[in-house]
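This report describes selected features of a structure, from strand pairing to chain contacts. The sequence and the model are shown below.

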Amino acid sequence: MSQNEAGSEPLCSQSTVERVVLLLLLALAALLAYDNWRTGMSWDTDGPQAGYFPFYLSLILGAASLFGLIRQWVAHRAPEPTFVSRAAFRRVLQVFIPTLLFCFAMQWLGLYVASFLLVAGFMRWVGHIATWKSVLTAFVFSALMFVTFQIAFDVIMPKGPLEALFGL
Amino acid sequence: MQAEQSARVISARRHAAADQPAEQAAERRAGARRSAPQGVPRAAFGLELCHSVLNRWPARLAAMLMATVLSGAALAWEPSKPVEIVVAAGAGGASDQMARMMQAAIQKNSLMKQPVVVSLKGAASGAEALMYMKSDPADAHRALIAYSLIYMLPLSAKIPFNWRELTPVSVVALDQLVLWVNAKQPYESVKAFADAARSSATPFKMGGTGSRREDHVLTAFLEKKTGARFAYLPYKSGGEAATQLVGDHIQANVNNPSENLEVWRAGQVRPLCVFDKERIAYKSAVTATQSWNDIPTCREQGVDVQYLMLRALFLPGKVGPDTTAFYVDLFHRVTQTAEYKDYMEKQALKPIYLTGNDMLKFLQDDEALNRDLMTEAGFVAK
Amino acid sequence: MEALGLLLYGFSVLLTWKTLALMLVGLVLGIFVGVLPGLGGPNGVAILLPLTFTMDPTSAIVMLSCIYWGALFGGAITSILFNIPGEAWSVATTFDGYPMAQQGRAAEALTAAFTSSFIGSLVAVLLITFLAPGIASFALQFGPPEFFAVYLLTFCSFVGLGREAKHKTLISMALGLLLSGVGMDTVSGQLRMTFGSADLLRGVNFLVAVIGLFGISEILLTMEERLALRGHSARISLRVVWKVWRELPRYWATLLRSSIIGCWLGITPGGAIAASFMGYNLAKRFSKDKESFGKGRIEGVFAPETAAHASGTSALLPMLALGIPGSGTAAILLGGLMVWGLNPGPLLFVEHKEFVWGLIASMYLGNVVGLVLVLSTVPLFAAVLRVPFAAIAPMIVVSCAIGAYAIQNAVFDIWLMVGFGVVGYVFKKIDIPLAPLTLALVLGNRAEDAFRLSMIGSAGDLRVFWSNGLVGSVTTLALVLLFWPLLSRVFERMRATPA
């Protein structure tokens, strides 16, 4: 996948990530198994209790994760395939961090302002598109969303101080 | 607070417009909303937006002037955006039907300038709707159609909710519950049905909506009073319980009249008795031979089990008194419409109208009653 | 024949310029809400419902059913272009539709989706026209054991199909089933796996999960591989349509199979969601070239779309005849009917004949007009892929967020979506398949409820799943499909060593 890029050293290997994920799943399985055991996981006179299926499912999830872990341990694949290279990971973060910021910003600024910032910022800094083009596109997009959801269809999205200023 | 202020500005602008050329624009604003339901192109909305932005400063000025001139009543609260009617049940259920009826009644009779949106929040047996009402206590644009779940859910599932956290508006109806059997079954009375259930080798299957709720409670009390054993099957909606009864997968169900109305009219199910102290008042024929009034009460038949389910409206907990006043008035006017009266009769709802302190008193008594029933049935979570 | 006469009467009422114009408006609005991620089928139709309150019943029905058609058609568009399914039944369309779009065959995939939707719903409408009363009584035969058997069949048709390691499929499915159980348990009324959180009370919404797993994770992957959305070379002309249509006869078996599955599951109240998955799985199972599925095979678009629309259409039948909506969107339509005092139920066909046949006639017309309309929009939608990635990526993120938020008006759901986005990205990279997770998430809870209701009814006796011909044959079929790989090996060995 990403090995074709010259000069980008691997950030971590496929098996490391797999191991971490399997461990996390194992922990999740343990947590859910405990919670369902507390809820009640036996077979009542009139069929299974609320926790019955989830309990055994979490056992299955745990067992499958454990199996995966053991198989990882035993089998050593000679050339470790790369999970993601440094350069590729940087690009992933380039979209992931703005997404996170957008989600935070939305709670304070409202969806429409946040989406304007996200689109304009992403186009300008990540896409290296001319500022006026970025700002214009972002404005048209946010305005379109606003007209569609707020005005035409009465779907109420989170709003912030700017909208309040206009009395909306 | 903020929302209220801006709403005041808008309503003041409407008054201020009286002696200004802006009147036409204001008319258009109201007209645009009303014409929207007719599928007219939405170009008018653009105008509306411009108008509201351009007209802002004069409007605020006018509002300040008006505030000194006009009495408080003229500045009464009004919704500034679409009002959501929150339904704590799935689509097609009795609550949903009621919400749609109110939506139609409000819009057909132009009882409110803003449109009404019905939002279904039936997840987690309706707990989703309760949590949604709690999530924004100051939002004056959502109203809950509540029923007995407001007492029962906190008891059976330990949901952190109490109806006192909401603002009561009015109780608009009481819903009956009726014991139904498949028309192909031979039982003509509760007694015959209970005898058959008692002597059956496998327990009779009783369908209802949800677990540890009114339907389940009634089943538990039927067991107590008749000595029969039932296997209670909790379905997701009353409609499902009705279909399952017609398909003969269950022997009986305890549905609301509205949920079984159509299959009764089609002669597929038979009502045995109504769980109330008196018969349903409506005497006009529903099927070829029977009216709602022809269904005996369970008490008449020697099985004294009674339950009436409230249908009431609530607002979030921290809305202002003028907001509450607006909704009390709005829903009072809804109860006066032809649509509402027609609906009540068709669905065999028991008329009642309570608001203010009467409602509080009713809710307290009703809650105590429900708690007793739930405790006796053993449905209160430890 | 009475049905035909009534249908012709229905057409005669509908064929006026005014109704045709309303039809177009309804379709355009329907497609529009189907495409917008925040609206989707049920939400969109619910929002547009009040539009019809002031119309006369005939116009209102035409308008509503056209909105419904439009929303059905529109759902496929985002699945194919951006890997974001708008409805549960569009999920299976993404499996092959999105890879096709990535290979620059978006126009082809869209045409295939629309055409097969048309075929699926046409078969279903024909079925409704001629068999309506009889079919309604078939739907009544479904009690809890029958429902469970159908869900079991869907799961079993899925197992053993993937190329991924078995334990990874198991992880994915178990995780999906667990997530579908979060929230309130209907059967006991207890809360489970919520850890006291009010946000988890609602459970994990399927669409929120899917928007994250497919939409957001796809953006991350695309960015990592530094690919723009590949659609530049897509040549769009009538020739694409012609090319796809010429291929159709070759897949007659798939189309027929999917139509039958769709109709069957659609009239089973609540079974419509399983249809597209089952259509896809069976097409894959019976195909000689299983490996090419999931890599942009046109049959992988035909199969789920035909099944989804056959079921979406035939889902209207139990709704009209029994008052039980087969899908979320049908449920909203049901609400619409009740506003005009038309109470769906067994008597609707008797008391409001003209209404029912008007509706059925409008299904035919809406479907035909809809096909022409959506096909003409293919170039427009395919052109979306030519927009630079740097502009489209943030817009997709915003659309996903709107979609996730609008479902339950909860900010928590946006975070959940981002979380699922990360999970989807990591899972795709370490080869944990996402399809079993989504299937389990949609059907897990229903299957569990059906199983437990069966158990309450039979006092814990498992033989209830073989208690009559219908449930017995479905259960057996499910088990045969589950052990098919094993059975086929046994058969082969028997053939190899003739006794």
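Strand 9 of chain B, residues 269–274, is mostly covered, with 6 of its 6 residues buried. A residue is buried if 20 or more other C-beta atoms lie within 10 Å of its own, exposed if 12 or fewer, and partly exposed in between, with C-beta atoms placed from the backbone. Helices (H or I, at least four residues) and strands (E, at least two) are DSSP runs, numbered from the N terminus.

Strand 9 of chain B pairs with strand 5 (residues 178–182) of chain B in the antiparallel sense, over 5 bridges. Pairing requires that DSSP finds at least two bridges between two strands. Val269(B), in strand 9 of chain B, is the bridge partner of Asn182(B).

## Basis of the model

This is a predicted model, in which local features need pLDDT of at least 70 and side-chain atom pairs count only at pLDDT 80 or more, while totals for chains, interfaces and linings use all residues. Residues are numbered from 1 along each chain as its sequence is written, and chains are lettered from A and ligands numbered from 1 in the order in which they are written.

## The six-stranded sheet of chain B

Chain B also contains an open sheet of 6 strands in the order 2-1-3-10-4-11, with mixed pairing. Its edge strands, each pairing on one side only, are strand 2 (116–120) and strand 11 (350–355). From one strand to the next, the twist averages 20 degrees; axes are lines fitted to C-alpha atoms, for helices over the stretch in contact, and angles run from 0 to 180 degrees between N-to-C directions.

Within chain B, strand 4 (residues 167–175) and strand 10 (residues 309–315) run antiparallel and are joined by 7 bridges. Opposite Pro168(B) stands Phe314(B) in strand 10 of chain B.

## The nonpolar core and chain C

Phe314(B) is also among the residues with the most contacts inside the largest nonpolar core, together with Leu144(B) and Leu110(C); this core has 327 residues. Such a core is a set of buried Ala, Val, Leu, Ile, Met, Phe, Trp, Tyr and Cys residues joined through C-beta atoms within 7 Å. Helix 4 (residues 57–82) of chain C gives the most to this core, with 17 residues.

Leu110(C) touches Ile77(C), Ile80(C), Val378(C), Phe381(C) and Ala382(C), not counting residues up to four places away in sequence. Contact here requires C-beta atoms, placed from the backbone, to lie within 7 Å. Chain C has 22 helices and 2 strands, and 67% of its 499 residues count as buried.

## Contact between chains A and C

The contact takes 60 residues from chain A and 49 residues from chain C. On the side of chain A that touches chain C, helix 3 of chain A gives the most, with 12 residues. By class, that side has 37 nonpolar, 18 polar and 5 charged residues. Ala, Val, Leu, Ile, Met, Phe, Trp, Tyr, Cys and Pro count as nonpolar, Asp, Glu, Lys and Arg as charged, and the others, Gly among them, as polar.

## Two alanines with positive phi

Most residues other than glycine have a negative phi. Ala348(B), however, has a phi near 55 degrees and lies in the loop between helix 13 (338–346) and strand 11 of chain B. Ala348(B) counts as buried because it has 22 C-beta neighbours inside 10 Å.

Ala459(C) has a positive phi of about 55 degrees and is found in the loop between helix 20 (435–458) and helix 21 (469–482) of chain C. Because Ala459(C) has 13 C-beta neighbours inside 10 Å, it counts as partly exposed.

Definitions and conventions. Two residues are in contact if their C-beta atoms, placed from the backbone, lie within 7 Å.
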